[in-house]
Amino acid sequence: MLSLPHLFVAPSALGGRGVFTARAIEAGTIIELAPVILLSAEDRALVHRTHLHDYYFQWDGEQAAIALGLGSLYNHSGEPNAEFELDYDFEQIRFVALRTIAAGEEITIDYRSGAPGMELWFATEA
């Protein structure tokens with residue numbers, strides 16, 4: 001597992017907690033390599049009935065992945081400053097800065113990455 005040492009978790013204006021950076025992060029920088037715990041399609045259906053529903057990533061079809069490290073705590077934005085890439089070979093999720101992220105800024109991703117037509121399960125800002 002790799003993550004930048006200056007990341008921290010704090011209350012987020014987007015809701016709940018979020019991941020922030022204490023130092024600027026340049027565009028293209030790998031923010032975190034988060035290993036995952038893989039869940040079968042059957043387990044994914046069970047997770048939907050729990051609080052973990054909001055914290056998993058869809059993985060290789062109908063499976064699910066719970067990201068370790070800070071991976072499941074990045075909040076959604078329609079204008080994210082980071083993106084995630086599912087790395088099936090190494091069973092990890094790679095989080096990368098899309099633009100320079102300022103010190104003190106929350107790191108956000110678009111939960112619909114790779115599936116732009118996906119409907120979100122929560123209300124977003126207009």
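Modeller: Strands (E, at least two residues) and helices (H or I, at least four) are DSSP runs, numbered from the N terminus. This is a predicted model, where local features need pLDDT of at least 70 and side-chain atom pairs count only at pLDDT 80 or more, while totals for chains, interfaces and linings use all residues. Residues are numbered from 1 along each chain as its sequence is written, and side-chain values use heavy atoms, leaving out hydrogens and water.

Biologist: Thanks! In β6, what is the bridge partner of Q58?

Modeller: That is A64. Four bridges join β5 (residues 56-59) to β6 (residues 63-67), and the two run antiparallel. They make a hairpin with three residues between them, and D60 in the turn has a positive phi of about 45°.

Biologist: Zooming out, how many helices and strands does the chain have?

Modeller: There is one helix, along with 10 strands. Along the sequence the pattern reads β-β-β-β-α-β-β-β-β-β-β.

Biologist: Which strands form the open sheet, and in what order?

Modeller: The order is β2-β3-β10-β7, with mixed pairing. β2 and β7 (75-76) are at the edges with a single partner strand each, so one side of each has no neighbour in the sheet. β7 runs parallel to β10 (residues 106-109), and two bridges join them. There, H76 stands opposite I109 in β10.

Biologist: Changing topic: how many aromatic pairs does the structure hold?

Modeller: Six. Rings of Phe, Tyr and Trp (its six-membered ring) pair if their centres lie within 6.5 Å; planes under 30 degrees apart count as stacked, over 60 as edge-to-face and the rest as tilted. One of the pairs is F8 with F20: the centres are 5.7 Å apart and the planes are at 20°, so this pair is stacked. F8 sits in β2 (residues 7-11) and F20 in β3 (residues 17-21), 12 residues apart, so the pair links distant parts of the chain.

Biologist: Which residues form an aromatic cluster?

Modeller: F57, Y74, F84 and F95 form one together.

Biologist: And where is N81 found?

Modeller: N81 lies in the loop between β7 and β8 (82-87). With a relative accessible area of 1%, N81 is buried. The N81 side chain reaches the backbone nitrogen of T108 at 2.8 Å. Contact means heavy atoms within 4.5 Å, and not counting residues up to four places away in sequence, N81 touches several residues, including V96, L98, I101 and I107.

Biologist: What about D43, where is that found?

Modeller: D43 is in helix α1 (residues 41-47). At 34% relative accessible area, D43 is partly exposed. D43 and Q63 are 20 residues apart in sequence, yet 8.1 Å apart in space from C-alpha to C-alpha.

Biologist: Last one: what share of the chain's residues count as buried?

Modeller: Of the 126 residues, 40% do. Among the contacts in the chain with a separation of 6 or more, 66% come from residues 24 or more positions apart.

Terms used
Two strands pair if DSSP finds at least two bridges between them. Buried means under 20% relative accessible area, exposed over 50%, partly exposed in between (1.4 Å probe, protein chains only). A polar contact is a pair of N or O atoms within 3.5 Å; within protein, one must be able to donate a hydrogen and the other to accept it, and residues adjacent in sequence count only if both atoms are side-chain atoms.
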